[in-house]
Amino acid sequence: MSGLPNKPLISARRDEAVQVRMVNDTAFPHGIHLHGHHFWETDQNGARTHLRDTTLVAPGKTMTIVCVLDNPGAWMLHCHMLSHQADGMATWVQVS
């Protein structure tokens, strides 16, 4: 996984549910995509809302997603804008 961090953001067992909190402290919206899985966006109370594989995190906002990692492997989590990926907005999750 060239260009990505050496260690995954998350290491999980198959079928483990994880929560990921993403904070956008930039002036730009970011479409964040998780390969190999779908996830639920959550509302302000933590309730699951929309099922997606990509979410838009607005400038100055926080988005929390919940994902049941049911597909083993190493999966990329990244901003869909290639220039943002090149600037480091890319990581990965490991599911065993």
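Strand 7, covering residues 62-69, is mostly covered, with 6 of its 8 residues buried (buried means under 20% relative accessible area, exposed over 50%, and partly exposed in between, with a 1.4 Å probe and protein chains only). Helices (H or I, at least four residues) and strands (E, at least two) are DSSP runs, numbered from the N terminus. The structure is a predicted model, in which local features need pLDDT of at least 70 and side-chain atom pairs count only at pLDDT 80 or more, while totals for chains, interfaces and linings use all residues. Residues are numbered from 1 along each chain as its sequence is written, and side-chain values use heavy atoms, with hydrogens and water left out.

Strand 7 pairs with strand 2 (residues 16-23) in the antiparallel sense over 8 bridges; two strands are taken to pair if DSSP finds at least two bridges between them. Strand 7 also pairs with strand 4 (residues 39-42), again in the antiparallel sense, over 2 bridges. V66 of strand 7 takes part on both sides: Q19 stands opposite V66, and W40 stands opposite V66 as well.

C67 is another residue of strand 7. C67 counts as buried, at 2% relative accessibility. When neighbours within four places in sequence are left aside, C67 is in contact with E16, A17, V18, L34, H37, H38 and F39, where contact means heavy atoms within 4.5 Å. V23 lies 44 residues from C67 in sequence, and the C-alpha atoms of C67 and V23 are 17 Å apart in space.

Strand 4 has a further partner in strand 5 (residues 48-52), with which it pairs in the antiparallel sense over 3 bridges. In this pairing T42 stands opposite R48 of strand 5. The hairpin of strand 4 and strand 5 has 5 residues between the strands, and G46 takes a positive phi near 90 degrees there.

A positive phi, of about 75 degrees, is also found at D15, although D15 is not a glycine. D15 is placed in the loop between strand 1 (10-12) and strand 2. D15 is exposed, with a relative accessible area of 52%.

Strand 3 (residues 30-34) is largely enclosed by the rest of the structure, because 5 of its 5 residues are buried. In a regular strand the side chains alternate between the two faces of the sheet. In strand 3, H30, I32 and L34 point one way and G31 and H33 the other way, and all are buried. Strand 3 pairs in the antiparallel sense with strand 6 (residues 54-57) over 4 bridges and with strand 8 (residues 73-79) over 3 bridges. I32 has a counterpart in each of these strands: T55 stands opposite I32 in strand 6, and C79 is the bridge partner of I32 in strand 8.

Q94 is found in strand 9 (residues 90-95). Q94 is partly exposed, with a relative accessible area of 27%.

For the chain as a whole, 1 helix and 9 strands are assigned, and their order along the sequence is β-β-β-β-β-β-β-β-α-β. The radius of gyration of the chain is 13 Å, close to the 12 Å that the globule rule gives for 96 residues, so the chain is as compact as a globular protein of that length. This radius is taken over C-alpha atoms, and the globule rule is 2.2 Å times the number of residues to the power 0.38. The C-alpha trace spans about 35 × 35 × 15 Å along its principal axes. Of the 96 residues, 35% count as buried. Among contacts between residues at least 6 apart in sequence, 65% join residues at least 24 apart.
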